[in-house]
Amino acid sequence: MASFKPLVKSKIAPMDDFRSRVERERGYLLRYASLQLRDPHAAEDAVQETLLAALAGEATFQGRANLRTWLTGILKHKIIDAIRRLIRESAMVPADPGEFDALFTGNGHWVDPPGAWTDPDAALEQKRFFAALEACLGRLPQKIAQAFMMREHLGLETGEICKELAITPTHCWVLLYRARMALRECLNKEWFGK
């Protein structure tokens, strides 16, 4: 007797499908964590904790948000926890205030003004721009990069950043200003000036 093939393929077990979808986001999560933490081991730990929390909390993921967005939300909390641990475990080196003074004249004008940005919206959509931005972020001093990432990527308020980095609000604003100026200069050289 001939056997009949079913008309509908069997579905992949939901847990296996969810696991594979979560695992596909691992590279993105690791890049995101590495930019903030600047320590490959701490970044790997934060991503592993994120993946474990996501798999444990599969029932809470209802698909109303994009999976990457949901995982990034979990990762943000893991990054904040990792930053707290890193701050407790290591003494922070004070930022060098003269580091960016060479960019300006005595009266506060640019020594070498940045070039004109033609169409930043179009540039933002290109993968190469994000690669250049990631490289520029990687060149920032650790404390400046942490303050910038906490503000711009994690969305923390100034008070929260000050508490986590054990700095004053004025110091936080200086760090954010330096980050923006350094990123502007770097992107002008690496992206817009090319």
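Ala, Val, Leu, Ile, Met, Phe, Trp, Tyr, Cys and Pro count here as nonpolar, Asp, Glu, Lys and Arg as charged, and the others, Gly among them, as polar. The model is predicted, so local features need pLDDT of at least 70, side-chain atom pairs count only at pLDDT 80 or more, and totals for chains, interfaces and linings use all residues. Residues are numbered from 1 along each chain as its sequence is written, and side-chain values use heavy atoms, with hydrogens and water left out.

**View 1. The chain holds 9 helices and 0 strands.** Helices (H or I, at least four residues) and strands (E, at least two) are DSSP runs, numbered from the N terminus. The order of elements is α-α-α-α-α-α-α-α-α. Of the 194 residues, 36% count as buried. Buried means under 20% relative accessible area, exposed over 50%, and partly exposed in between (1.4 Å probe, protein chains only). A contact is a pair of heavy atoms within 4.5 Å. Among contacts between residues at least 6 apart in sequence, 71% join residues at least 24 apart.

**View 2. The largest pocket is lined by 13 residues.** On a 1 Å grid over the protein atoms alone, a pocket is an open set of points with protein on both sides within 12 Å along at least five of seven lines, and lining residues have an atom within 4 Å of a point. The space in this pocket is about 320 Å³. That volume is the space filled by probe spheres set on the points, which are joined across faces, edges and corners. Tyr28, Arg31, Leu35, Phe130 and Glu134 lie nearest the centre. Helix 2 (26-37) and helix 6 (127-139) each supply at least two lining residues. Helix 6 gives the largest share, 6 residues. By type, the lining has 8 nonpolar, 1 polar and 4 charged residues.

**View 3. The largest nonpolar core has 53 residues.** Such a core is a set of buried Ala, Val, Leu, Ile, Met, Phe, Trp, Tyr and Cys residues joined through side-chain atoms within 4.5 Å. Leu37, Trp70, Leu75, Ile79, Leu137, Leu140 and Leu187 touch the most other members. Several helices give two or more residues to this core, among them helix 1 (14-24), helix 3 (40-56), helix 7 (142-152) and helix 9 (169-192). The largest share, 11 residues, comes from helix 4. Beyond its neighbours within four places in sequence, Trp70 is in contact with Phe18, Ala54, Gly57, Thr60 and Phe61.

**View 4. Helix 2 packs its buried residues against helix 3, helix 4, helix 6 and helix 7.** Those buried residues are Leu29, Tyr32, Ala33, Leu35, Gln36 and Leu37. The expected span of a helix is 1.5 Å times one less than its number of residues. For the 12 residues of helix 2 this gives 16 Å, and the end C-alpha atoms are 16 Å apart, which agrees. Just after helix 2, Arg38 takes a positive phi of about 60°. Arg38 sits in the loop between helix 2 and helix 3. At 27% relative accessibility, Arg38 is partly exposed.

**View 5. Thr158 belongs to helix 8, and Ala166 to the loop between helix 8 and helix 9.** Thr158 counts as buried because its relative accessible area is 14%. Leaving out residues up to four places away in sequence, Thr158 touches Arg151, Pro169, Cys172 and Trp173. Ala166 has a positive phi of about 55°, although it is not a glycine. Ala166 counts as exposed because its relative accessibility is 65%.

Key. 1 Å grid on protein atoms, 1.4 Å probe; cavity = no way out; pocket = protein on both sides within 12 Å on 5 of 7 lines; lining within 4 Å.
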